Amino acid sequence: MGENFKAHSLLQAKNIMTRLGLDEYRGEQVFKWIWQKNATDFLKMTNVPKELRTFFESRYTITGPAVAAVRQGNEDVKKYLLELEDGEHIESVFIREEKRRTVCVSCQVGCPLGCKFCATALIGFKRNLYAYEIADQVRVIQADVDDKCTNVVFMGMGEPLLNYEQVVAALEIISSPLALSIGRRHTTVSTVGLLGGIESLLKSPIRVKLAISLNFADEEKRKELMPVAKSNPLRDLLRLAKAYSLKKEMVTFEYVMIDKINDGLRDARSLLRLLRGIPSKINLIPYNEHPRLPYKRPADEKIERFYRSLLDSHHTVVIRKSRGQRILAGCGQLAGDS
Ligand code: SAH
């Protein structure tokens, strides 16, 4: 069987053409067929000369993930279980809200971070995804819902900054006008807070939104529930976050609210103290419970009280609407058990 043409970036696709003595725009054409028209067959690429089509067909394949299961919460949330070519499974979520159509993508099969409250940690780490496997989640979902997606968030399974190169390559496919054409400002990478990865992003020319899963203002609690925090001290994390806000885009701090663990007014005050001087948004995520984990979502009144106590700061604060909880499609509920 031939090699999957999708494994090539746009630049590589163009190089393939020049090496064959062809114009590089042939590479652009094929790229567009694959990413914009969902082509799986070179023979159907009608604007490509016939002998080239047959040549490509004999040499390459165009393959992708198969939808193994779909669960729909309501009209606006759908969770996809996708089967990759090696038989591994990942989950992706489609969320429609007002004019926005967001795909939440996975970047690894499982996750090695071991955050105590997150269901993905339960499966452990299997492997990194290739760039095209990340971008394919958006493409497959667009085809399924028959609509163009407007936003992409890297908040599914895995840690984007542990799969840096492939994530960067996926961002290129996602933003390219010849592929998925979703602007960088509509794309968010969410990280547990890995210093090295954030530094690399800072130095790179990439302009993507950055969300940092802070979750606990108390460093000891953070270390206990998010083991990677032990080797990624808060001080340095906050310094990099500030630099990111000043140099690139304003960062968002995610704060998962867990009953009796980090939902008190004292926690809210510590949070504000910690973020003082850092231009940033705060995104409160009420904990999504999972049958295999002991943690609970705080009562609505407690969430509301916490939220209100943050309001007279100069941070924009939002409570993330919990979507797809019933179908275990909420943040931190993705465990491949659709
Ligand atoms: N590894 C990356 C991206 C995946 S998690 C990261 O840590 O940011 C996306 C978000 O879901 C993170 O902010 C994480 O803290 C949060 N999360 C994990 N488990 C959750 C749960 N059960 N309920 C609500 N949010 C959760």
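An oxygen atom of the ligand lies 2.9 Å from an N or O atom in the side chain of Asn 215. On its own the ligand has 530 Å² of accessible area, and the protein covers 95% of it; such areas come from the Shrake-Rupley method with a 1.4 Å probe. The model is predicted: local features need pLDDT of at least 70 and side-chain atom pairs pLDDT 80 or more, while totals for chains, interfaces and linings use all residues. Residues are numbered from 1 along each chain as its sequence is written, and side-chain values use heavy atoms, without hydrogens and water.

**Ligand site**

The ligand sits in the largest cavity. A cavity is a set of points, on a 1 Å grid over the protein atoms alone, where a 1.4 Å probe fits but cannot get out; to sit in it, a molecule must have more than half of its atoms within 2 Å of the grid points.

| Ligand atom | Side chain | Distance |
|---|---|---|
| Oxygen | Ser 213 | 2.6 Å |
| Oxygen | Asn 215 | 2.9 Å |
| Nitrogen | Glu 159 | 3.1 Å |

The ligand is surrounded by 19 residues, the closest being Ser 190, Ser 213, Asn 215, Tyr 287 and Asn 288; a residue is counted if one of its heavy atoms lies within 4 Å. By class, this shell has nine nonpolar, eight polar and two charged residues. Here Ala, Val, Leu, Ile, Met, Phe, Trp, Tyr, Cys and Pro count as nonpolar, Asp, Glu, Lys and Arg as charged, and the others, Gly among them, as polar. Strand 10 (187–191) and strand 12 (251–257) each supply at least two residues of the shell.

Strands are DSSP runs of E with at least two residues, numbered from the N terminus, and two strands pair if DSSP finds at least two bridges between them. Strand 3 (residues 66–74) runs antiparallel to strand 4 (residues 77–83), joined by seven bridges. The two form a hairpin with two residues between them.

Strand 4 is also antiparallel to strand 5 (residues 89–97), again with seven bridges. Leu 82 belongs to both pairings: Val 67 stands opposite Leu 82, and Ile 90 is its bridge partner in strand 5. Five residues separate strand 4 and strand 5 in their hairpin, where Gly 87 in the turn has a positive phi of about 90 degrees.

Five bridges pair strand 5 with strand 6 (residues 100–104) in the antiparallel sense, with Val 93 opposite Cys 104. Their hairpin has two residues between the strands, and Glu 98 takes a positive phi near 50 degrees.

How values were computed. Helices (H or I, at least four residues) and strands (E, at least two) are DSSP runs, numbered from the N terminus. A polar contact is a pair of N or O atoms within 3.5 Å; within protein, one must be able to donate a hydrogen and the other to accept it, and residues adjacent in sequence count only if both atoms are side-chain atoms. On a 1 Å grid over the protein atoms alone, a cavity is a set of points where a 1.4 Å probe fits but cannot get out, and a pocket is an open set with protein on both sides within 12 Å along at least five of seven lines; lining residues have an atom within 4 Å of a point.
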